[in-house]
Amino acid sequence: MSGVAAIDCGTNSIRLLIADVVHVGDDEVQVVDLDRRMEVVRLGEGVDETGSFAPQALERTFEALRDYAEEIRAHGIEPGPDTVRMVATSATRDAANRQVFIDGVREIIGVEPEVVTGLDEAELSFVGATAEFAAEAEEGGGSGLTPPFLVVDIGGGSTEFVLGGGSGEDDELVRASLSVDVGCVRMTERHLRDDPPTAEQIAAATADIDAALDEVEKVVPLREAGSVVCVAGTATTVAGIALDLPAYDPERIHHSEVGVGDLTRITEELLKSTSAERAEIGVMHPGRVDVIAAGALVLSRVLARTGGDRFTASEHDILDGVAWSLIV
């Protein structure tokens, strides 16, 4: 095996990671990025309300996949169960017409997408976000993060929580995980419909998020986290804003820390701004302009519930977990 391709199709975006697998020793391998791509296709447009994929959303997704298929072939990777894996998450779990999506993907990519459960999604995100911590520890270095790690993946339709890692025999253990239907697209479509949203809309979204967090705390002991690691576009965009970057810079954002004060300030500013004002922010992807305020609100409520004073943003997430799953 010399190369693998991982595809993550969420409610808001579809992403591709093409990686080279380098054998370092008899039992050790390293994954080296060759290409990372992201397109905002909004596959989950209207799914919360209608329960089905919209034709235009499917076509946007298929168009992006055609480009991804070309890139996979250009890197000499022959699609198969050992080389290409595509996972589909929240919106696909909810859509009544998901077979249309599955058939289209199979025709374009050459492999069938896996509609993973929320728990599978959570564990893949945990592996992707924390695999490098173990590698750094083995090399005598360290991320400076204190286990156990709470990995939070805020997506378009859902948010996943995984608490794991520790010390001794439990170092790699996923202790608890849960997925709840609270995401930036779902909260925007359900509550934050005005531009900017009204105080009443924000209050309704906050109550919805807090109710979901009540359910999370029954399963995942959020306050036991030694470090909060947040992945995906909401967290990395907020981190880029906190760093006051003129443009999106994944190397600067990866493993940067955002304090609770900055997060609160940024969330309030995003909720008060118009979409035109948010579009002027240097790190903002055009496809996140209308949903970033809801995402930041989710992130803010999550951090408050953990009792932590900061979160660490990670560019490595479920996509990396999918790539690792093809190797181990």
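Glu63 counts as partly exposed because its relative accessibility is 49%; in this scheme buried means under 20% relative accessible area, exposed over 50%, and partly exposed in between (1.4 Å probe, protein chains only). The model is predicted, so local features need pLDDT of at least 70 and side-chain atom pairs count only at pLDDT 80 or more, whereas totals for chains, interfaces and linings use all residues. Residues are numbered from 1 along each chain as its sequence is written, and side-chain values use heavy atoms, with hydrogens and water left out.

Glu63 is located in helix α2; helices (H or I, at least four residues) and strands (E, at least two) are DSSP runs numbered from the N terminus. Together with Glu39, Asp67 and Glu70, Glu63 forms a negative surface patch. A patch is made of residues with over 30% relative accessible area and no salt bridge, like charges being joined within 9 Å and nonpolar side chains (Val, Leu, Ile, Met, Phe, Trp, Tyr) within 5 Å. Helix α2 (residues 55-74) contributes the most to this patch, with three residues.

The whole structure holds 27 salt bridges, each defined as a side-chain nitrogen of Lys or Arg within 4 Å of a carboxyl oxygen of Asp or Glu. Three of them are listed below.

| Pair | Closest N to O |
|---|---|
| Arg190 and Asp48 | 2.9 Å |
| Asp210 and Arg301 | 3.0 Å |

Asp210 belongs to helix α7 (residues 199-217) and Arg301 to helix α12 (residues 292-306), so their pair ties together parts 91 residues apart in sequence. Asp210 is buried at 18% relative accessibility, while Arg301 is partly exposed at 29%. Salt bridges with shared partners join Asp48, Asp181, Arg186, Arg190 and Asp208 into one network.

Burial also marks two strand residues. Thr159, in strand β7 (residues 159-164), is buried with a relative accessible area of 1%, and its side chain reaches the backbone oxygen of Val182 at 2.5 Å. Val231 lies in strand β9 (residues 227-231) and is buried at 1% relative accessibility. The C-alpha atoms of Val231 and Ser314 are 5.1 Å apart, although 83 residues separate the two in sequence.

Helix α13 (residues 318-325) is mostly covered, with six of its eight residues buried: Ile318, Leu319, Asp320, Gly321, Val322 and Ala323. Asp317 caps the N-terminal end of α13, a side-chain oxygen lying 3.1 Å from the backbone nitrogen of Leu319.

Methods: Areas by Shrake-Rupley, 256 points an atom, 1.4 Å probe, with all protein chains shown as cover. Lys, Arg positive; Asp, Glu negative; His and termini not counted. Charge placed at Lys NZ, Arg CZ, Asp CG, Glu CD. Polar contact = N/O pair within 3.5 Å; in protein donor to acceptor, adjacent residues only side chain to side chain.
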